[in-house]
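I opened this notebook to record what I looked up in one structure. The entries follow the order in which I consulted it.

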Amino acid sequence: MFYLASDLELPLVPPSDGSISVTKLDPEDAVVRRQMDMPHVAYVGSHEGCGCGFLYEPEACPEDGPAVLKSLGQLADYVERQAAQGSRIQLYAAWDGEQGEGTPVRRKVPVEAIRFGEYYLECGELLDIEVGV
């Protein structure tokens, strides 16, 4: 499960074939809020509808590469649009059912590392996404 958090309201993006989605949290996912320090939190899905489609493994699954890179690019574009509005963005991943468990490992990652699949968010990590660095 992938989640976005921001200090500003996050525009929702409805699910559609081949594109990312940004949707309201389900009530059972509300526990994820304690892992992030920004008030606006949403679920983000890849072209597959879940976080799995953000996993870029060209050696293991070369046939998935183009679709995954498209999802990562759309996620990076979304983050950059929010940053242009003055928003700070965090990205958090957790296995379903483990959203509120443990203390996340926190890292700073440039948005371009996300765009090109150079950095994969591990479950239990909280990324502060840097734009324009």
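How many aromatic pairs does the count come to? The model is a predicted one, and I found that the count comes to two aromatic pairs.

Entry: I looked up Phe2 and Phe54. I then located both residues: Phe2 belongs to strand S1, whereas Phe54 sits in the loop between S3 and H1, so the pair ties together parts that are 52 residues apart in sequence.

**Entry: the sheet.** I next traced the strand order. Six strands make up an open sheet, arranged S2-S3-S1-S4-S6-S5, and the pairing is mixed. Strand S2 (21-23) and strand S5 (105-110) are at the edges; each has a single partner strand, so one side of each is left without a neighbour in the sheet. From one strand to the next, I noted a twist that averages 30°.

**Entry: S4 and S6.** I examined the pairing of strand S4 (residues 89-93) with strand S6 (residues 125-130). The two run antiparallel and are joined by four bridges. In S6, Leu126 is the residue that stands opposite Tyr92.

**Entry: the helix on the sheet.** Which strands does helix H1 touch? I found that H1 (residues 65-84) packs on the sheet and touches strand S1 (2-6), S2, strand S3 (40-45), S4 and S6. The direction of H1 makes about 145° with that of S4.

**Entry: largest pocket.** I recorded a volume of about 210 Å³ for the largest pocket. Its lining comprises 13 residues, and Met1, Cys52, Trp95, Tyr120 and Cys123 are those nearest its centre. By class, I listed 10 nonpolar, one polar and two charged residues in that lining.

**Entry: second largest pocket.** For the second largest pocket I recorded about 160 Å³ of space. Among the residues that line this pocket are Glu9, Lys24, Arg33 and His40, together with Leu10, Leu12 and Leu25. I divided the lining into six nonpolar, one polar and three charged residues.

Key. Residues numbered from 1 in each chain as written. Predicted model: local features only at pLDDT ≥ 70, side-chain atom pairs only at ≥ 80, totals over all residues. Heavy atoms only, no water. Pairing = 2+ DSSP bridges. Axes fitted to C-alpha atoms, helices over the stretch in contact; angles between N-to-C directions. Contact = heavy atoms within 4.5 Å. 1 Å grid on protein atoms, 1.4 Å probe; cavity = no way out; pocket = protein on both sides within 12 Å on 5 of 7 lines; lining within 4 Å. Points joined across faces, edges and corners; volume = space filled by probe spheres on them. Nonpolar A, V, L, I, M, F, W, Y, C, P; charged D, E, K, R; others polar. Phe/Tyr/Trp six-rings, centres within 6.5 Å; stacked < 30°, edge-to-face > 60°.
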